[in-house]
Amino acid sequence: NKVIGKELLAENLVYLLVVYSVMGLFSLLFIQVTFHFRTQLCDDERTVIDDSKAVGTPMEIVIGNMFKLDIWETLLSSMRIGEVAEFWCDIVHTGVYPLVSKSMRRIAEGKDPVDWHIHTCGMANMFAYHSLGYEDLDELMKEPKPLYFVLELLKVQQPSEYDRESWALSDEERLKAVPVLHGQGNKLYKQGRYQEATQKYKEAIICIKNVQTKEKAWEVPWMKLEKMANTLTLNYCQCLLRMEEYYEVIEHTTDIINQHPVKAYYLRGKAHVEVWNEAEARQDFSRVLDLNPGMKKAVKKELAILNMRMEEKNEEDKLKYKGMF
């Protein structure tokens, strides 16, 4: 593959118009492109920020589907399959790159590309959002810089040739997908396939959150979407309990404790039991009974399990520290 140098300069209007005309055609067709990319700083060392080949997974985007880094759509639309091209882009086009890079890194690490479970209210969250979680991206966010993008176009597919993932759907398609994904998650849960069920619930939540960002917070359409997302989060937490991901259960249920208090307190109490948080577990189960006395039998069972686990832990601690004093 030949590496072709192309400088994308603001004054090069003719080139941009040609590329955008090509991109306009692709936008109508929602063509999916698969490509490798390498992002580098414009310093003497050409410092590499991200490299999809190093991660081992190429990138996929749908042309015309409002990808955050829209300049990539423009660049890829100008390339041929098998071509490797290098582009220089100024800060007008690279300002959002740190946000895009964060999402891609989280995906590569097996994490959610968006922090759908974190509420954006309160001082603690304001400080949490101050950092992207990666020092190099924080620096690039504070001081945007021109970047080099080395792109290798691997594959181009028509809409009929690929399965569109949730991020590639329109808002209408996302909302239609939610009950389907919810049902698939429930079926997988009943079959004991908890890991697969979490993926379905998570994908449904992300669909909702993507639509919700376009609604005004706390108004009726936003609240309806929030209720849908919270119900799915409870199902997600049920799976996490089965998978012994107890601290994640505590985190997610705490986020929605005011919206679904009975179920959230109950699930959080069960998670606290498993990590020997005795006081927290008792407090959560007490709140469950205050809110719904009809759950007395279920709570009594959980408290018996808590007592047994605390006895086991005390015995383990005695044996552990027996020879130390």
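Visitor: Why are α12 and α13 called roughly antiparallel to each other?
Guide: In this predicted model, the axes of α12 (residues 261-274) and α13 (residues 278-291) cross at roughly 155°. Angles over 145 degrees count as roughly antiparallel, and α12 and α13 are therefore given that description. Their axes come within 8 Å.

Visitor: Is the crossing of α12 and α13 left-handed or right-handed?
Guide: The crossing of these two helices is left-handed.

Visitor: Which residues of α12 and α13 meet?
Guide: From α12 come Pro261, Val262, Tyr265, Tyr266, Arg268, Gly269, Lys270, His272 and Val273. From α13 come Glu280, Ala281, Asp284, Phe285, Arg287, Val288 and Leu291. Contact here requires heavy atoms within 4.5 Å. By class, the contact of α12 with α13 has nine nonpolar, two polar and five charged residues.

Visitor: How do you know that α8 and α9 are roughly antiparallel?
Guide: The axes of α8 (residues 171-190) and α9 cross at roughly 160°. The cut-off is over 145 degrees, so α8 and α9 count as roughly antiparallel to each other. Their axes come within 8 Å, and α8 passes α9 in a left-handed crossing.

Visitor: What makes the contact of α8 with α9?
Guide: On the α8 side, the residues include Asp171, Arg174, Leu175, Val178 and Leu181. On the α9 side, they include Tyr194, Glu196, Ala197, Lys200 and Tyr201. The residues of this contact divide into 12 nonpolar, five polar and five charged.

Visitor: Why does Lys209 count as buried?
Guide: Lys209 is found in α9 (residues 194-212). Its relative accessibility is 18%, and buried means under 20%. Lys209 therefore counts as buried.

Visitor: Which residue does the side chain of Lys209 join in a polar contact?
Guide: The side chain of Lys209 is joined to that of Glu226 by a polar contact of 3.0 Å. The limit for a pair of N or O atoms is within 3.5 Å.

Visitor: Why is Val33 called buried?
Guide: Val33 lies in strand β2 (residues 32-41). Its relative accessible area is 1%, and the cut-off is under 20%. Val33 is therefore buried.

Visitor: What does Val33 touch, not counting residues up to four places away in sequence?
Guide: Val33 touches Met59, Glu60, Ile61, Ile63, Leu76, Leu153, Lys155 and Val156. Val33 and Val156 are 123 residues apart in sequence and 4.6 Å apart in space, C-alpha to C-alpha.

Visitor: What makes helix α3 mostly covered?
Guide: Seven of the eight residues of α3 (residues 70-77) are buried. They are Ile71, Trp72, Glu73, Thr74, Leu75, Leu76 and Ser77. Of these, Leu76 is one of the residues touched by Val33.

Visitor: How many helices and strands has the chain, and what percentage of its residues is buried?
Guide: The chain has 14 helices and six strands. Buried residues make up 41% of its 325 residues. Among contacts between residues at least 6 apart in sequence, 69% join residues at least 24 apart.

Terms used
Residues numbered from 1 in each chain as written. Predicted model: local features only at pLDDT ≥ 70, side-chain atom pairs only at ≥ 80, totals over all residues. Heavy atoms only, no water. Axes fitted to C-alpha atoms, helices over the stretch in contact; angles between N-to-C directions. Helix = DSSP H or I, 4+ residues; strand = E, 2+ residues; numbered from the N terminus. Parallel < 35°, antiparallel > 145°, perpendicular 65-115°, else oblique. Left-handed = near helix turned anticlockwise from the far one by under 90°. Nonpolar A, V, L, I, M, F, W, Y, C, P; charged D, E, K, R; others polar. Buried < 20%, exposed > 50% of the residue type's maximum accessible area, 1.4 Å probe, protein only. Polar contact = N/O pair within 3.5 Å; in protein donor to acceptor, adjacent residues only side chain to side chain.
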